[in-house]
Amino acid sequence: ETAITFQYENSNESIFSSFFIDQNNNKDYEVNTKLKQSFFSLDGAVRYNFSVKANFTANLKYIQNNFRRNNFEKNYSLVNPNFTFKLEKTSIGNFSISYAENNSFPEINFLTTDYLLTDYRTFTKGIITVDFLKNKIISFSHAFYNDEKRFSIDTNLSYIKSKKTLNSENEITENFNFQNYIITEGGESFNGNFSLVNYFRKLKW
């Protein structure tokens, strides 16, 4: 089975904020950030069934993004692959293993060009150099259900490697907190989840 999807999207976003001290407008904390994104994406997917129980899915998404922030403009090319192998309806349950890469832009709240008042004493400023976030994910899952015995097992494991991630630097003064968002080198994380459910008929749990 194959599928090809084309998509075009044009979006405009803006954040405008004025700051007054004793009814006087302070230009140092005036925010006027405008974003415009025109992106085209091509998404190709292939699913191959080895048998009734085993199948493989490959998905490749290419994105061409014309990005504008105020006077800054640049064309970006993003590629997000996704591969999944599934083994289902076996005597010991269903298995799945997948690999995915996710490249995406930060939201407008992290792209403001000047300090924006976010609460009564915190000013936040977006990233200076525009770039996209990158991470890779490898995941494994296993699920086994026995409806007759009211018994189930769920296991999920994932490994995430972030090449570029969003962080913040903070400067705390006597009266205010100034927060600057930055894109830094990422790290690694491991996540695991295991659950076992068993219902006892005699106890009626």
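Predicted model: local features only at pLDDT ≥ 70, side-chain atom pairs only at ≥ 80, totals over all residues.
Figure 1. Aspartate 131 is 15 residues from asparagine 146 along the chain, and the two C-alpha atoms are separated by 48 Å.

**Figure 2. The salt bridge between lysine 164 and aspartate 131.** The closest N and O atoms of lysine 164 and aspartate 131 are 2.5 Å apart, and the two residues form a salt bridge. Lysine 164 is in strand S11 (residues 151-172), while aspartate 131 is in the loop between S9 and S10, so the pair ties together parts that are 33 residues apart in sequence. The two partners fall on either side of the 20% limit for burial: lysine 164 is partly exposed at 21% relative accessibility, whereas aspartate 131 counts as buried at 18%. Side chains of opposite charge can pair when their charged atoms come close.

**Figure 3. The salt bridge between arginine 68 and glutamate 73.** The structure holds 2 salt bridges. One of them joins the side chains of arginine 68 and glutamate 73, with an N to O distance of 3.2 Å. Arginine 68 has a relative accessible area of 33% and is partly exposed. Glutamate 73 also counts as partly exposed, at 46% relative accessibility.

**Figure 4. Threonine 122 in strand S9.** Strand S9 takes in residues 122-125, threonine 122 among them. Is threonine 122 buried or exposed? Its relative accessibility is 11%, which is under 20%, so threonine 122 counts as buried. Apart from neighbours within four places in sequence, threonine 122 is in contact with Leu116, Leu117 and Asn177.

**Figure 5. The largest nonpolar core and tyrosine 76.** Which residues touch the most other members of the largest nonpolar core? They are Phe67, Tyr76 and Phe105, out of 16 residues in this core. Strand S4 (31-49), strand S5 (54-69) and strand S6 (72-90) are the elements that give two or more residues to the core. The most come from S4, which gives 3 residues. Leaving out residues up to four places away in sequence, tyrosine 76 touches Ile63, Gln64, Asn65, Phe67, Phe105, Val130 and Phe132.

**Figure 6. A nonpolar patch on the surface.** The patch is formed by Tyr48, Phe50, Phe56, Phe83, Phe85, Leu87, Ile97, Phe140 and Leu157. Together these residues have about 800 Å² of accessible area. S6 gives the most to the patch, with 3 residues. Tyrosine 48, another member of the patch, lies in strand S4.

**Figure 7. Two residues with positive phi.** Glutamine 23 has a phi near 65 degrees, a positive value in a residue other than glycine. Glutamine 23 sits in the loop between strand S2 (20-21) and strand S3 (24-25), and is exposed with a relative accessible area of 77%. Lysine 89 is also a residue other than glycine with a positive phi, here near 60 degrees. Where does lysine 89 lie? Its place is in strand S6. Lysine 89 counts as exposed, at 64% relative accessibility.

**Figure 8. The protein chain as the setting for the close-ups.** The protein chain has 0 helices and 13 strands. Its radius of gyration is 24 Å, well over the 17 Å that the globule rule gives for 205 residues, so the chain is more spread out than a compact globule. Along the principal axes, the C-alpha atoms fill a box of roughly 75 × 50 × 30 Å. Buried residues make up 29% of the 205 residues. Among contacts with a separation of 6 or more, 59% are between residues 24 or more positions apart. The accessible surface comes to about 14,000 Å², and 53% of it belongs to carbon and sulfur atoms.

How values were computed
Residues numbered from 1 in each chain as written. Heavy atoms only, no water. Helix = DSSP H or I, 4+ residues; strand = E, 2+ residues; numbered from the N terminus. Buried < 20%, exposed > 50% of the residue type's maximum accessible area, 1.4 Å probe, protein only. Contact = heavy atoms within 4.5 Å. Salt bridge = Lys/Arg side-chain N within 4 Å of Asp/Glu carboxyl O. Core = buried A, V, L, I, M, F, W, Y, C linked by side-chain atoms within 4.5 Å. Patch = residues over 30% accessible without salt bridge, like charges linked within 9 Å, V, L, I, M, F, W, Y side chains within 5 Å. Areas by Shrake-Rupley, 256 points an atom, 1.4 Å probe, with all protein chains shown as cover. Rg over C-alpha atoms; globule rule 2.2 N^0.38 Å.
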